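Below is a brief report on one protein model. Please read it alongside the sequence and the coordinates.

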Amino acid sequence: MSPEERLRRIREVADRLAERLVDQWPEEGAHINDLEDFAERMGQSVQRELSEDVLQDEAARKEGNQSACPCGGRATYQRHHGLTLRTAAGRLRVQRAYYHCARCGRGFCPADARLGLGPGHTTPTAQARLAVLAAGLPYVQVAALVRQLGLPLELDLKSTERVTQALGARLPTRPLRLFGKAERTVAVGFDGVMLPTWDGYKEARVGVVYEPDWEAGRTPTACAGLRTEYCATTGSRESLVREVCTRANARAAGAVVAVVCDGAALDWVDLEAYLPQRVEILDFYHVLERVGEIAKVLHAGAPEAAATWRTEQKRELLEWGPRRLLEALRTWEPESEAGREVQRVQLAYFERQQERMRYPEYLRRGLPIGSGAVEGACKHVVTERFKGSGMRWKLPTAEPVLRLRAALLTQPHLDLRSCVATQHPALRA
């Protein structure tokens, strides 16, 4: 297109928009709602006008009488085919050059790959916006929200699901923009949360990497300062641990990493292989739950005495570590069989975990002693999206949405267009 032709078309678009402005300009004294409706309507009109003009040109562009076919042969131009695109400006009808390959007997339109069209003939921007909405809401609610917000996106429920699934599957395992070297101590955590599936409940595994700050507030800005990364998968625990540790090592740059978990035996497996520079910390609040169970049996029928003993043990743990709790359990002489069983189980547990209960040292070093970060991650990544009323998932369809939510929680302003789920092979000219 020559500069003169481009300028002519720009003036034509401007003239059409000027006519609409003249016809629809609000009367003096119009209500604020009418003014905002007018501004939004004109904005969408400009968006559609420009999108239709430039997309039609790009879609119709013919690259020659022949084009390379994915099979390795040469395809010959036949004619132009029409297609309705689902764009961020609504549905647009375009014409694309169609080629046919005699070698494999298949036809294609190179423009489809050039435009990055995905499921439902969606453009990259439409895919990205739908995926962001579907990552936070059930698929059935996306269309209602689109209408409520006045967005021109038009896609049925099944296509919305396909777009979200395809884009999530193409996301890289690691964030598209990694955090740089840590500004404080790096901490990690692992946990699991059950997903409702058509085959019963299955475990989704969640991991988190962050930089704890005791002084951080609850505001979005303060929380952003923790530089939190989220990981989630329905796959193996080992793959999750490997990925979380890889991210932590990259940020710690050789410094010690704090690993805070709630005490399940599997929490500590594989750490030596992936995180040699670490300090393992047993979640303090998980410990207090066990101390409370002991207190109820130790002071059966005396709730006030049980509460007092629990409070004393909490203070001792924070000031001295597990030594005095272990002494209390070893010298306890339960009178009932139930009491002896509680003593046996809890004493064995705390003896195994005592090296991870050096809370005074952890506090002096500014290390976290609670696993709230990963518990919050389980809620934000999994529970809030996957455990709605009546929901049932299949693991292959849950995995892309898990990855999508983890990526968006890690990078809220992530431009998903870099991962668009094109359904068309990239063709060489």
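## Confidence

This is a predicted model. The protein has a mean pLDDT of 90. Of its residues, 97% reach 70 or more. Helix 14 (residues 359-364) has the highest value, with a mean of 96. Helix 7 (residues 220-224) has the lowest, with a mean of 73.

One stretch calls for caution. The pLDDT falls below 50 over residues 425-429. In the model this stretch still has eight contacts beyond near neighbours in sequence.

Strand 2 (residues 74-87) pairs with strand 3 over twelve bridges, in the antiparallel sense. Within this part of the sheet, Arg86 stands opposite Arg91 in strand 3.

## The cavity

How many cavities of 30 Å³ or more are there? The count is one. The largest cavity holds about 30 Å³ of space. Its lining consists of Arg61, Lys62, Glu63, Ala97, Tyr99, Pro110, Ala111 and Arg114.

Two elements give two or more residues each to this lining: strand 3 (90-101) and helix 3 (110-114). Helix 3 gives the most, with three residues. By class, the lining of the largest cavity has four nonpolar and four charged residues, and no polar ones.

## The largest pocket

Several elements each supply at least two lining residues. They are strand 6 (200-210), helix 7, helix 10 (284-298), helix 15 (372-386) and helix 16 (395-410). Which of the elements gives the most? Helix 15 does, with six residues. The lining of the largest pocket divides into 18 nonpolar, ten polar and seven charged residues. A point for the reader of this site: helix 7, one of the contributors, is also where confidence is lowest.

## The second largest pocket

About 330 Å³ of space lies in the second largest pocket. Its lining has 16 residues. Nearest the centre are Tyr139, Arg385, Met391, Arg392 and Trp393.

Helix 5 (139-149) and helix 6 (157-170) each supply at least two residues of this lining. Helix 6 gives the most, with three residues. The classes are seven nonpolar, five polar and four charged.

## Two residues with positive phi

Arg227 is not a glycine, yet it has a positive phi of about 50 degrees. This residue sits in the loop between helix 7 and strand 7 (229-233). Is Arg227 buried or exposed? Its relative accessibility is 14%, so Arg227 counts as buried.

Asp270 is not a glycine either, and its phi is positive at about 75 degrees. Asp270 is found in the loop between strand 8 (257-261) and helix 9 (271-274). Its relative accessible area is 28%, so Asp270 is partly exposed.

## A buried glutamine

Gln343 belongs to helix 13 (residues 337-353). Why does Gln343 count as buried? Its relative accessible area is 14%, and the cut-off for buried is under 20%.

What does Gln343 contact once its neighbours within four places in sequence are left aside? The partners are Leu329, Arg330, Trp332 and Pro334.

Technical notes. Residues are numbered from 1 along each chain as its sequence is written. This is a predicted model: local features need pLDDT of at least 70, side-chain atom pairs count only at pLDDT 80 or more; totals for chains, interfaces and linings use all residues. Side-chain values use heavy atoms; hydrogens and water are left out. pLDDT is the predictor's confidence in each residue, from 0 to 100. Helices (H or I, at least four residues) and strands (E, at least two) are DSSP runs, numbered from the N terminus. Contact means heavy atoms within 4.5 Å. Buried means under 20% relative accessible area, exposed over 50%, partly exposed in between (1.4 Å probe, protein chains only). On a 1 Å grid over the protein atoms alone, a cavity is a set of points where a 1.4 Å probe fits but cannot get out, and a pocket is an open set with protein on both sides within 12 Å along at least five of seven lines; lining residues have an atom within 4 Å of a point. Grid points are joined across faces, edges and corners, and a volume is the space filled by probe spheres set on the points. Ala, Val, Leu, Ile, Met, Phe, Trp, Tyr, Cys and Pro count as nonpolar, Asp, Glu, Lys and Arg as charged, and the others, Gly among them, as polar. Two strands pair if DSSP finds at least two bridges between them.
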